[in-house]
Amino acid sequence: MKHPTSETFPQNVQKALGDTTLRQALSTVSATFSQRRRDAVNDVPEWETLREHAHAVKAHTLSCLDEYLRAFATKAEGAGAHIHWASTAEDARQIITSLIKPRGNVAVVKSKSMTTEEIHLNAALETHGIEPVETDLGEWIIQLADEPPSHIIAPAIHKTKRQVSELFEQKLGIEPTDDEKRLTAAAREHLRDVFAQAKVGISGVNFAIAETGSIVIIENEGNARLTTSLPDMHIAVMGIEKVIPRLSDLDVFLRILPRSGTGQALTSYQSIITGPERGEDRIGPRSLHIVVLDNGRSKMLRESATREALACIRCGACLNACPVYQQIGGHAYGAVYAGPIGSIITPQIDGLRVAHHLPFASSLCGACRDVCPVKIDIPNALIHLRQHMVTHGKPIPVVSPARGKTTFRVWRWSMTSDLRYRMATAFARFAQRMGMTKLVGPSRKWGHGRSVPRLAKRGFRQIWESELADDGEHRTK
Amino acid sequence: MGPSSHAPRVSLFVTCLVDQIRPSVGVATVQLLRRLGCDVEFNPKQTCCGQPGFTSGHWGDARAVARHTIEVLEADRSDWIVIPSGSCGAMFHHYEKLFADHPGWLSRAKTVTGKTRELSAFLVDVLEIYDVGARFDGRLTWHDACHGLRDLGIHEQPRQLIRKIAGAEFVETDKCDACCGFGGVFAINYPDISTSMADVKLDVIASADVDVVVSGDVGCLMQLENRAQHRKRPVRTMHLAELLSVPA
């Protein structure tokens, strides 16, 4: 199935806004998530201190990321893991394919990983006859439906129970039901068999600890633990930004991530994995491969506004809080990472030419910044990207009059002199009287779903000059 | 109010939206401030704070407009610059980013910005007045405009002022701090998302059964009012200045 891209954002938006089932689901789910988050945060009086702390750890790490990455790699290799550096998505796909392919026709399981979504791993493996099975319930649902995730932590958030039931009926032959326990049981039964056969497990990474060379995975379903322990090969895929300096730094993140994401005090499982099996216990996979991915991230390090976005721990709180996301959902963004943070990340991965809508797809209300557990100034980064597009960008299609250079040249001309301001506003009044406003781009766009306001007969400065200025002088004399 | 004995000298930065679309907000601000003993001036050379250019990424143009505004406002001998808008008020604080590489203008911008106050913040934080002696007979709710709320931290001030209005029944509504969908150029770039965001607010406001929705930014009021008109379910909106200027 061909999925929409961010290049067709306006069309994606039309489709989303017309989908009443989707909008109903979004409104319920974002309200529920936001409420759970609020409750979980209110339980922690020192929440602001935790945010400051987490922000500081990330800012420090990103300021000397190369050193921490090298330290992590050395320690991880010392523990028996293999480190693979991938500068692009293609590199990562090749590395992973070449690890699995020589083993022949083996069963592969995956636990939830946005980074593997980012590199479109499943599709690449499928072209080599390898068919990985997603084992996170939400991911598995969208894999069955052949859809991309629509939310960072709840990939199938856009689907209703009825839709899932129809999907399971069609793909697994179960009886239709609206009982989520029966749906989950059907999934569990199916997936247990898959786990039993699996020879390779692919996972993401939430945190990588430089001090110990460990990777940390947090989850609620236990599927990530099975994925990383049952098969004899574990491949973990992580972005370069996942590293944190010390094991003791993990504490703050284990506290803020679940609270921000699902509103839990702690997730059900936290796995800290250091190397493959060793010693007499022989627990865990025989080999552990860690693929460390750049894919546009080191470019983000260069500017402070985008560097900050690398601190993202993928909690999804900014999506739930975003009034734009609440209207259009994740798929409209046409990218793996949706919502406010996605509008910063996607242009770095896909390029601003393709993703040119996304930095503008925000009212800059700042609700995302309020909830971000690592205090990323998302609106600031979006404005930064807009400015970057205007000053450094190759010509980018001007899709709206409020984005074009000419509009702002006229605006500048009118606003930098009192006389010109008066002339421009007098002209605007004349144009409105003559019914010419429909011809003016911004006014036409405003009139799309809104009545167009009449310009006041007399502006404030005229009223001031004729009625108010004198009053003031009399009063103060 | 500071140690000086004279009446606070206030220079009004009226904003281009108020000037052109809803000048009654400017008039109300002048009347209110004079009633409270301020010496109010208005420099007719002023135009726009520069925000549309700043948020659209046209920083060169935004800088030119901001320089004009700084020059106009620093010519005034006022103690304070009062703005009936949280959004334009917040823009003055963004001058720091706009002029980050222009040290001369940066320090001039900082001096001007330091004197600016959004209207409700000026009344409560500077004048320390909560009861402005206003009257309104009816039920009303407050819409937190995003930039006032999140960039300037204005939350309590308007509520404190509204609670003291004689005759007014103030109710908080769900999603009072959710964006109305205006977002300046956003409303023009993506009108469909913008209006569906307004619908969320309008539905909440309708179910609250209020006579009027009050806010501190004309942009939000315009968005809500124009969308409501289009939906043929008009709502009455008032700017805080309009509400407070009616004497008891």
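**Ground rules.** I count residues from 1 along each chain as its sequence is written, with chains lettered from A and ligands numbered from 1 in the order in which they are written. Since the model is predicted, local features need pLDDT of at least 70 and side-chain atom pairs count only at pLDDT 80 or more, while totals for chains, interfaces and linings use all residues.

**Chain B overall.** I looked up its secondary structure and got 13 helices and eight strands. Helices (H or I, at least four residues) and strands (E, at least two) are DSSP runs, numbered from the N terminus. The radius of gyration of chain B is 18 Å, close to the 18 Å from the globule rule for 248 residues, so chain B is as compact as a globular protein of that length. That radius is taken over C-alpha atoms, and the rule is 2.2 Å times the number of residues to the power 0.38. The C-alpha trace of chain B spans about 50 × 45 × 25 Å along its principal axes. I also noted that buried residues make up 59% of the 248 residues in chain B. Buried means 20 or more other C-beta atoms within 10 Å of a residue's own (exposed is 12 or fewer, partly exposed is in between), with C-beta atoms placed from the backbone.

**A sheet in chain B.** Which order do the four strands take? I read 6-5-7-8, an open sheet with parallel pairing. Two strands pair if DSSP finds at least two bridges between them. Strand 6 (166-171) and strand 8 (237-239) of chain B each have a single partner strand, so one side of each is left without a neighbour in the sheet. The twist averages 40° from one strand to the next.

**Strand 4 of chain A.** Next I checked residues 200-203. A:Val200 and A:Ile202 point one way, A:Gly201 and A:Ser203 the other way, and all are buried. In a regular strand the side chains alternate between the two faces of the sheet. Strand 4 of chain A runs parallel to strand 2 (residues 108-110) of chain A, with three bridges, and A:Val108 has A:Val200 as its bridge partner. Four bridges join strand 4 of chain A to strand 7 (residues 233-239) of chain A, also parallel; there A:Ile202 partners A:Ile235.

**A:Ile273.** I found this residue in strand 9 (residues 269-273) of chain A. Why is A:Ile273 called buried? It has 24 other C-beta atoms within 10 Å. Leaving aside neighbours within four places in sequence, A:Ile273 is in contact (C-beta atoms, placed from the backbone, within 7 Å) with A:Ser214, A:Ile215 and A:Thr228.

**Where the chains meet.** I get 55 residues of chain B in contact with 54 residues of chain A. Helix 11 (residues 191-208) of chain B gives the largest share of chain B's side, six residues.

I then looked at helix 20 (residues 405-415) of chain A and helix 4 (residues 59-74) of chain B, which pack at about 10° with axes 9 Å apart. Axes are lines fitted to C-alpha atoms, for helices over the stretch in contact, and angles run from 0 to 180 degrees between N-to-C directions.

Terms used. Contact = placed C-beta atoms within 7 Å.
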